[in-house]
Each structure stands twice: as structure tokens, then as C-alpha cells.
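Dear colleague,

Here is the structure I said I would pass on, with its sequence. Please look through it first, and then read my notes on what was found in it.

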Amino acid sequence: MRLVLASASPARRATLIAAGITPIVRVSQVDEDAVLAALPGGRAFSGTATTPADEVGALAEAKCADVCDALCTPNSDSFDADPGALLVVGCDSMLEINGAMQGKPHTPEVARERIRAMRGTTATLWTGHSAALLTPRSSSDRAGSDSRSVATRLTRSASTQVHFGQISDAEIDAYVATGEPLHVAGSFTVDGLGGPFIDGVTGDYHSVVGISLPLLRSMATEMGVFWPDLWDTPRP
């Protein structure tokens, strides 16, 4: 069985590889702003019942579904001849700080402002996980339709407390100038150049990186997937 990562995040890919799983990367084409705008309860902290977990869960589910749709289309991918099942995983992360959900800053100005607001504080990093098990259809069942079908799908969210250190303005300027915080949730990394500015985390470290291995294993188990079957090295 192969794991398909519906994300371009090098940190998520590296986390999986370190855990013995080299994922197949298929990047989703999802309009994140449109997904959040379409939430039936509105955005989190807008006076509705929508929670931060709902937001990251909706984004992860949309990304997973988008890649599943592509992989279930005949002749759309080189895996058409692969007889094995595929576990498709979509993820999304956002930082909750001061009653607001923060995604990627994209610009140096926004990144600089956010990091200054975060220093010396504790914030909650939310990560949504959506997994779908795709199984091949038999040739007699295809009849010109999908070559694969979704056998089961789960969506879960995890949260971890991130404790930010006292970062000087000069350090913030230098960090932002590297470009690293511009395209990551919350304007920081814990596994890269931003690591020295994080005093610690309370919860799952891997979730802060972008994908919670314990949660994903729990989801895979619930879907009937034996986690060691995803390892690159065959089991003895």
C-alpha cells in the first residue's frame, strides 16, 4: 500500500520519510479562501458554532477530496496499472492567537507584524487531517467509469500549544528576510530556521511541523490499514 500526500509541504514529506514512509506527492488545487467562506457556520470566532478544528478540518478534507477525484479518474495518473490500494492524506494548519485564526502571511509586512505579536506568548497550532482509502475497481466493474473508488474517509483535527520566546526586533527582521516564514502557517517553523525562537511545545511536535503521526496512525487503524504496511521496507 502506498501513501499519497495531498500537499506540497516539504516538512510533511520529510516527517513521513523519517517515519519510514516515502509518500507519493500529489498537490491539490483547492481555493482555500473559498472553502473557508463556504463554511455553513461562518468563520471561527465570528459568534457562530464554527470552531478552529472545523476550519482546518474543512481545508484538509477539501484537499484530500480534490486529489481523490483526480486519482479516481481513468487514465489521469500513472497509477492506473498499480493494483494496490492508496491512502490519500490531506492536511492543513492554522495558528490560533488572540482569538483569530492565522494562515500563511505571504508578505514580509504581515509576517513581521504577526511574529512581533506572538513573541513571549503561547498560541495554539491547529492541524486538520483528512484521509481516504482508495481501492481499485475490478476490470468488470469499471465499465468506463472510475478506475478507483473511495472505500472510506475520515477527518480529524489536532491542536498543540506553541510557546514563543522573546524574539528581538532585529532577529525578527533577519528571520523574515530569509523568506521562510512567508509561506508557512502562523509565520514560523519549529523544524527550520524558526526553531531557536520556540521555547517549547505542549503536545505533539509533529503536529506543529504539519502532520501528526500518532493521529494519522490512529485514523489509518480505524480505516482498517495496518500502519507497518505503509513502510518502505517490507516487514519480515
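In what follows, Ala, Val, Leu, Ile, Met, Phe, Trp, Tyr, Cys and Pro count as nonpolar, Asp, Glu, Lys and Arg as charged, and the others, Gly among them, as polar. Please bear in mind that this is a predicted model, in which local features need pLDDT of at least 70 and side-chain atom pairs count only at pLDDT 80 or more, while totals for chains, interfaces and linings use all residues. Residues are numbered from 1 along each chain as its sequence is written, and side-chain values use heavy atoms, with hydrogens and water left out.

On a 1 Å grid over the protein atoms alone, a cavity is a set of points where a 1.4 Å probe fits but cannot get out, whereas a pocket is an open set with protein on both sides within 12 Å along at least five of seven lines, and lining residues have an atom within 4 Å of a point. Grid points are joined across faces, edges and corners, and a volume is the space filled by probe spheres set on the points. There are two cavities of 30 Å³ or more, and the largest cavity holds about 40 Å³ of space. Its lining is made up of Ile 115, Met 118, Phe 164, Ile 167, Tyr 175, Phe 188, Gly 194, Phe 197 and Ile 198, which by class gives eight nonpolar residues, one polar and no charged.

Two of these lining residues, Phe 164 and Phe 188, also form an aromatic pair that is edge-to-face, at 5.0 Å centre to centre and with 85 degrees between the planes. (Rings of Phe, Tyr and Trp, the last by its six-membered ring, pair if their centres lie within 6.5 Å; planes under 30 degrees apart count as stacked, over 60 as edge-to-face and the rest as tilted.) Phe 164 lies in strand 6 and Phe 188 in the loop between helix 6 (169–177) and strand 7 (198–202), so the pair ties together parts that are 24 residues apart in sequence; helices (H or I, at least four residues) and strands (E, at least two) are DSSP runs, numbered from the N terminus. Phe 164 counts as buried at 5% relative accessibility, as does Phe 188 at 8%, where buried means under 20% relative accessible area, exposed over 50% and partly exposed in between (1.4 Å probe, protein chains only).

The loop between helix 6 and strand 7 also holds Ser 187, which has a positive phi of about 70 degrees although it is not a glycine, and which is buried with a relative accessible area of 0%. Phe 45, in the loop between helix 2 and helix 3, likewise has a positive phi, near 65 degrees, but counts as partly exposed at 41% relative accessibility.

Turning to the open spaces, the largest pocket has a volume of about 760 Å³. It is lined by 36 residues, of which Arg 12, Lys 104, His 183, Val 184 and Ala 185 lie nearest its centre. Strand 3 gives the most to this lining, with four residues, and by class the lining has 17 nonpolar, 10 polar and nine charged residues.

With best regards
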